[in-house]
Every structure is written in structure tokens, then in C-alpha cells.
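Here is a friendly walk through a two-chain model.

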Amino acid sequence: MPDIELRGVNKIFKGKVIAMEDVNLKIKHGEYVFLLGPSGCGKTTTLRVISGLEQPDNGEVLIDNKDVKDLLPEDRGMGFVFQHFEIFPFMTVWENCIYGLKVRGFSDEVLIEHGERALKTVGLLDYADEYPTVFGNPGLQRLGIARAIATGAKILVMDEPLGSLDPKARLSFRHELRDLVKRLGLTAIQVTHDQDEALAIGDQIIVMRQGRILQYGPPEELYERPTSLFVANFIGEMNFLEGFIYPNVLGNNYLVRLEIRGPKLYASKDHAIFPDFAVDQRVVIAFRFEDVYVYPQNFDFNKPGHERMEEELNFIPANLYSMRFVGKTTRFIAKFASGEMIQATKPGTFPYQLSPGDPIILGIHPHDIITFEHPKDLAYEIDLS
Amino acid sequence: MRQEKNRWTTKLIAVEKELSKPRYRKLTDGIVIGFFIFVIIGPIFNIFSTVVVSYWEIQSNVFNDPLTGDLQWQIMGTVLLRSFWIAGLAVLIDVIIGLPMAILLTRFEFRGKQFLDAMVDLPLAVPTSALGFSVLLFWGSRFGIAGLFGLDVGFFSAGPLLILITHIIFTYPFIVRSLKIVLQETPKVYEDAATTLGAPGLTVFRTITGPLVKEGVIAGIILAFARSLGETGATIIVAGMYETAPIVIVKLRRALELPAAAFLSMILIGICLALLAGIKFFSRRVGFPIKKIWPTGERFLSKPIFRKTRNILAVGIFLAFIFITAMFILTYVFQPQDPPLWAELNGGDLKWAYLWTSLMNSFLIGGITTLIVMVMGVPMAFIIVNRKWKKVNTLLDTLIDIPLAIPSAALGFATFMFWGSPGLDLFFPGFWLIVWVHVAFTSPYMIRPVISIIKKSNKGLEDASRTLGASNLTTFRRITLPIIKNGILAGAIMAFARSLGETGATIVVMGDIRTIPVLIVDWVETQAMGSAALASVIIILFAFVLLLILRYVSRPRRVLNA
């Protein structure tokens, strides 16, 4: 049973800025859903439409299968968490926390019970009578969350709740946030432009661009099988190469030639966006940095344990352009003879001594290559701004 | 090839470098601050000392006159009280009808919003004496609303009710404007937060918006109250025999009863200074609004139907009452009159010639005044924002607000006592004394917008210019000036418009020079209605043009990394 549903929602600002274009989505009860996309893609507008702070131009918003068009934002019963906290500066922590209960006219006992429980959940009960100025950013956001859940809201709507925290605090806070949402059994929708955050704690991720939903699915699916060049580029790190389909076919693979007389690669048909590209059709192949194997030129593939590799991988000779250890991983940039650059990352440090200009061999598994139809304007399709 | 012509700029930059040295800065700081102390504080201080010095004269005139006893004092008490309740009532009514309008203009999006916004500002451009005249014609004569009902006389005769109507109309744009500015500067996100927590509109306004805008609203209300208290031009026209405090000052001045006039001016100035001090120090501590919440009642009153009704009422009252009354004068000129307008203007007393010289006087006085406040006011704005003198800055900041708060007639009279024959004896009543008074009361209109734009502007740009090797003054000319020029222009237009529309301060220092607002008062008093209306229309149309330019230069625009 979907908790929240949007049907064909459109929203245009000032008659020209398209914030939402035919947005359809269903969010199930108890799911932690992320809205992900570059700034200005319409994710915050989607959030505001769901919470009633904006009215859609047309289309329906359903909560618990009921159209909420005529339901004012204050009556929708959603907890909203803001990027800049919006803690009322002239009220104490306690007054902030119980504001939502107070304006609904609950009795004093309910106020105290729910308010204390909410503050306890986020660990701020000891600060109840202070003014919020005692807190740093994480504390303010804890209060923001307490204030939102104190009303007993079943749906938590969060607009970049971790956006104003510094990177370290953000890392630990996000797991805290997921624990809290799951413990209270809430349905949560969170806007972010930090893909790591979405991948790390989301049940479902919605990727938006220019007011449209591009893809909607669990993190693994978005990572493994992006359906568009934009999502492929937006989530994780990918190499994109232009080429065309070559006639020779081995097994269930395409053979893609990068350019006339250039290197040829096998790409799995299972992972192509269209399974039936014609010979000579222009395509774009994409593969992740971490799926590229890097070998020195004199690597012995006949050593025990390495034999199968030779059958399965595409091997392409290249020259090393640069190699840097960046903490946790080593990052390679390699250059094909034809001039194209390929990036690769390997965990830890690299066991072989190499210097820029050295010949190397790159190995890529056909299953790791996604074949896309060649778009009119590749640079535009993968533009993240 | 790129070419740069920089022969004389090199010299200019060298001069600027020399003048940027600290000792010159101290010199200009001294001159600028000294100027404003002389122009604003001097007269006020002087009026207090005059009262002390000529205490016995006042005693015998006001409290112990051989013929009338303390009649003077009784009159003063009555008119002060009157001025107070009229200003109080007018401001109260304006807040009630103006607050919904301010909310409508800041928190709602609808078609024609810009247009409505401009219409609300329009009465601001109408000089008060023309406004008073318009009210008199509309409500108090057979040409106005009474004519529609076929009556031979106006609805109300000149007196307290007409004064109240005039004051409501004339303070309305001030109230709406100041409420609008505070509401605009208050981020809407707090309201959103409260809404998502389940608070209905009315509760949000009362518990969230209220505390956030409290200080600004109180300041705006007190300033509007002070302006209403000191209003002269419009009041003279609609007052009939009913006198308010500023009118009595004008009368005493005309009758040359200087000590008594000084005494009344002092009381008015004292009260207004106390109000100003109140804004600065106490508005923060007002315990409004009440924290208690009445969920059912407020939820009921927040229903969309009430919101809609409130919006419609706000616009309706504004259009039907304020806008039509203020603009009525524009239609009056085209109504047939007896004697015909042309005959009246070409009559034996040369009204044409008077109209023309007064118009020129108004423009000349406005122009010179604006020039002076611009040259002295811009450096003053920088001193207030940039110097780190702590207490002194706050003091200077309050100093430039003083002319906003005190009645212009009282300020005018104080200036006359200081610079004119009773005091330093530097200026005779006439052209230059008028300019001097106008400089005093227009200076805040010049300095305030400049201060706010300096505060908003990006300091980093100036730092960048300094690190690239430009001296202080070169940075000012090449970087700061282009950024703040719209603020300066806005301030200059406001100062010019205020100077153009001022009556009270001009009357007490004018000698035999006439400006248009004073001419309107004169002609209404001598029943030359057609000519007065024509003079009003000319000055109103001119003020409209100024207002349009003002709206154009101060329209919001995109700023890089603001």
C-alpha cells in the first residue's frame, strides 16, 4: 500500500522555470526514500509539494490513497526537517520541541509525555530549558528532528538535513538518522545532492534532472544498472567512450570498436540499454573506475589463478599517464594510443613500480560495460550541473 | 591591439593616494560629523537653552499673562492632547487596515501585485498640503462624494474628523511601507517550519512572525506616529478652527510670540525624542505577543475563506477610501468651476506669476538641498558603517534618525531660532534658511538607504581592490561607488521629494518666499480653489515621476555572491 503517491504532477515557477514535469512516484509505508539530483533539478520542489508548502499546477498528490489537494500544509501531519534548521530563536529548546503539539491543542500531559520522549530520542533532554544558541549545527538539527517527530508524524520529510553539517559530523549523523527512522517505523523522504549519503542509508533512490524523474530504484540497482547516461555519470564514477558496433559477435556480447582501427571491446548484451543495436550503429560504452584492472606490461597471466582472466577480460594496451595514492585507493589515469583517457581506481596501494609513460595493460570485464545509444550531444547528457 | 588612455587617471590616482592618508580621513570625519551636529543638534539644543534663558518671559506670557492668565498654557495643553489622540487613532486604524495589505504584498503571489504595490506608494508622493486639499474637496465639499448624493455641502465640515481622515491617509503608506520592509526581511522559512508542525496561519503569524518582526514594527509605528504628530501642511487646510500643536507653533511664529513658540516646540521635540529613545532601547523588551494558543478558535479563523476575505477587504478599503481620496484632486481640476480656472489665474493678483516663481523656488530649494545632503550624507553613511567607535557609532546612528521623529514645524522653528535673528543671526528668513531647514529634515532620507546598501554590499570586493594596489579613495571611486550608486540615487530622490512636499518647516522660516505646498495653503485659505488644485496637480504629477524613477532604481536585482 503506497503511503505517498504523486500522479502526473507539474509545477512551473513564474511561468518559465520548470521545477516538476509529469512527476509520478509511489513511496511505500516504512521506506526511506532519497530524492537525488543536481541543484535546481526540482527535488526540493517535489518535497514542498508533498508537504503542501507548494501547490502543484496540476496532477494529484495522494497520502494514504486520499487526494490531499484541499488539505492545508498544517493539517497534513508531516514532520519537516530543514537544511538550515529553522529553530525558532526566541523560544527555548523545550518550547521549540512542543510547538507542534501546542498549536494542535493537546493537553499538558500529552505535551510533556511526547515532548520528553522526542527530546530523549535525540539525546537533548538535558538541554530542555536552554535557548537553542547553546548548540552547534548538529545539536540544532537534532532539535529540528525532535521538533518534527514530537507531533507524532508518521512521515518525515527532510530537505538536505545534513547539508549544513561538516563532513565528519555528516558521516556519523546519517547512520544515526537511519536508525531513528527505522526504530520509530517512519516513512522518510530526504532530499540530498550527496550521492554517498543516498547510497549509504536509502532504501530507494529517486534521481531527478530538470524536473523529471530519471530513475527510481534501490541503491544497488541504480549503481549496477543505470538506465541513462546521466544517472550513470551522477552515481559513482564512470568512464565514457564513444564507438560503434562491429560485426564479429562472440557469445552474447556486442563487439564495440572505439574508432576506425582503434581498440575493440566486448560488451555484454545483458547490460546494454537496448539489446539489439545494429552493426555500425554509434554507441557510448560506460564502465566504472573500480571495474578497470591495471597490469604492468610484463604481467604473467599463466601464473596459477590467473588463467581464467585471460579468457574473460577485454585487454587493451595503454600508457600510464599518472598514478596517485589518494588514501584508501590508488587512482590511475591511462592514455590509449588514440588519445582517449581512462581512469581506474584500485583499493590500497599498487604492488608494482610504474612511472608516467610506462606501457600498461587495462583489463575490463564485458559484464561491467554498459552500452548506451549514442545521444545527439554526449557532453550535455552527462552534464552534472 | 588593446589601448588604454590613462594619462590623467595616473595623476588622479596619485592625488587619491595622497588624500587616502589617515590625517585627511580624520579631517573629513570631523567636518562631516561637525556639520550634522550643527545642523541637527544645534537648533534642538538651542531651543532648550532658549526656553531656560527666557524662562521669565515665558512665565509671564504663557502662565501669567496680565490679561489672559494661563490661557496660553491651557490652549497648549489642549492642542497637545488633540495632536496625540489624532496621531494615535490614525496610526491605530492604519495598522489595522495596513497590516493585511503589507502581508498581502509580501506573502502572497498574484497577478498585478507590482501594480498594487506601486499604487500603495502613490500617496507617499503627494505633498501633504495637496493631500489635505484633496481630502477637503472629496469629503468636505459639494464637488466630492457629497455631489454623488446630490448634496449641496460636503459630508463633513473642516474639523477633527477631516483631520483624522487626512492623517489616516497620509500615514497609511508609511505604515504599509515599514511593515512591508520588516516582513520582507524576515525569512519565510520560519513560518514554513511552523506550518509543517501543524500551526494554522493565524497562530503562525502570532507566535512566529510576531516576535520576529516586533522591533521593526514598533519602530515603524512610532515613526509614523511622530510624523502624524508633527504634520502641518495638510492639517492647516482641513483643520478649520480646530488647531493642533504644530499649527499653534506656526500661528505663534506668525504673531512673533517667539518665547511661547519656543516653549511649545520644546515640548513637542522633547516628547518625540523620548519616543525615539523608546524605539532604540525598549522595543526589544516588549512582551508582546501572548504565548498562549487557542487551537480551535485560531484554526477556525485561519480557514482559507477568512484569509480571502481579509485580502479582499485590505484591497477594498485601500482603493475605496485611501486611494480615491488621495487622488481625487486629479479629477477636480477638470470639473467646471466658478470662477473659471483660467479667469482666476489671469486675474489682477497675477496668480500665474506666483505659481511660476513658487514652482521655481520649490525646484531650486529641492535641488540645492539634495546636493548638500548628498555631499555630506554619503560620507556620513560610511562613517556610521565603517568606523569602529562602538558607542559613538550608535549615537551617530540615532542622531540621523532625530529629524525623522520630530515634527518638522518644530524643527523649522528651532532652526530659525538658531540661525536666524534671535540666535546666530547668520540667515534671514527666506531662501537660504529654507534650504538649511530642508537639509536638516531630509538628511535621514539620504543617509538611510546608503547605509543599508553599504551594509548589504560585498566587503570582499573592496578588499580585492586594496590587495591589487588601489588606495582607499581609488577603491571608493572605482569599486564602491558603482555598487552603491543606486542607493545614493534612491536617497537623493527621496530627499528631493520630501523637500518638494514639505509645508510645516517651510512656513516658519520662509519670510516672503513661497514654495508650492505653502502656496496651496495660501490659496485654499483665500478660497482660490481652482488655482490651488492646479498647483497641487502640477506638483503631484512631478512627484509621481520621481516615485516611478525611485521604484525603478531601487528594484531588486541579482547580485554576485551576495
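## Before we start

Two strands are said to pair if DSSP finds at least two bridges between them. That is the sense of pairing used for the sheets below. Please keep in mind that this is a predicted model.

## The six-stranded sheet of chain A

With that in hand, look at the open sheet in chain A whose six strands follow the order β6-β7-β8-β3-β9-β10, with mixed pairing. The edges are taken by β6 (78-81) and β10 (212-217) of chain A; each has a single partner strand, so one side of each has no neighbour in the sheet. From one strand to the next, the twist averages 15 degrees.

Inside this sheet, β7 (residues 155-159) and β8 (residues 187-192) of chain A pair in the parallel sense, over five bridges.

## The five-stranded sheet of chain A

Chain A also has an open sheet of five strands, in the order β15-β19-β16-β17-β18, and here the pairing is antiparallel. Its edge strands are β15 (292-296) and β18 (341-347) of chain A, each with a single partner strand, so one side of each is left without a neighbour in the sheet. Direction ignored, neighbouring strands of this sheet are turned by 45 degrees against each other on average.

One pair to inspect is β16 (residues 314-325) with β19 (residues 359-364) of chain A, which run antiparallel and are joined by six bridges. Within it, Pro317(A) has Ile361(A) of β19(A) as its bridge partner.

## Chain B as a whole

How many helices and strands does chain B have? The count is 25 helices and zero strands. For its 562 residues, a compact globule would have a radius of gyration near 24 Å, and the 25 Å of chain B agrees with this. Along the principal axes, the C-alpha atoms of chain B fill a box of roughly 75 × 70 × 55 Å.

Buried residues account for 45% of the 562 residues in chain B. Of the contacts in chain B between residues at least 6 apart in sequence, 81% join residues at least 24 apart.

Helix α2 (residues 22-53) and helix α19 (residues 408-419) of chain B pack with their axes 8 Å apart, at an angle of about 80 degrees. Since angles of 65 to 115 degrees count as roughly perpendicular, α2(B) and α19(B) are therefore roughly perpendicular to each other. Among the residues that meet are Ile44(B) and Ile47(B) from α2(B), and Leu411(B) and Phe418(B) from α19(B). The residues of this contact divide into seven nonpolar, four polar and no charged.

Now find Leu371(B), in helix α17 (residues 351-386) of chain B. Leu371(B) is partly exposed, with 15 other C-beta atoms within 10 Å. Although Leu371(B) and Ala495(B) are 124 residues apart in sequence, they are 9.6 Å apart in space, C-alpha to C-alpha.

## Where the chains meet

Finally, 17 residues of chain B are in contact with 20 residues of chain A. On the chain B side, α9 (189-196), α10 (201-230) and α14 (295-301) each supply at least two residues. The largest share, seven residues, comes from α9(B). By type, the chain B side divides into eleven nonpolar, five polar and one charged.

How values were computed:
Residues numbered from 1 in each chain as written. Chains lettered and ligands numbered in written order. Predicted model: local features only at pLDDT ≥ 70, side-chain atom pairs only at ≥ 80, totals over all residues. Contact = placed C-beta atoms within 7 Å. Helix = DSSP H or I, 4+ residues; strand = E, 2+ residues; numbered from the N terminus. Nonpolar A, V, L, I, M, F, W, Y, C, P; charged D, E, K, R; others polar. Axes fitted to C-alpha atoms, helices over the stretch in contact; angles between N-to-C directions. Rg over C-alpha atoms; globule rule 2.2 N^0.38 Å. Buried ≥ 20, exposed ≤ 12 C-beta atoms within 10 Å, placed from the backbone. Parallel < 35°, antiparallel > 145°, perpendicular 65-115°, else oblique.
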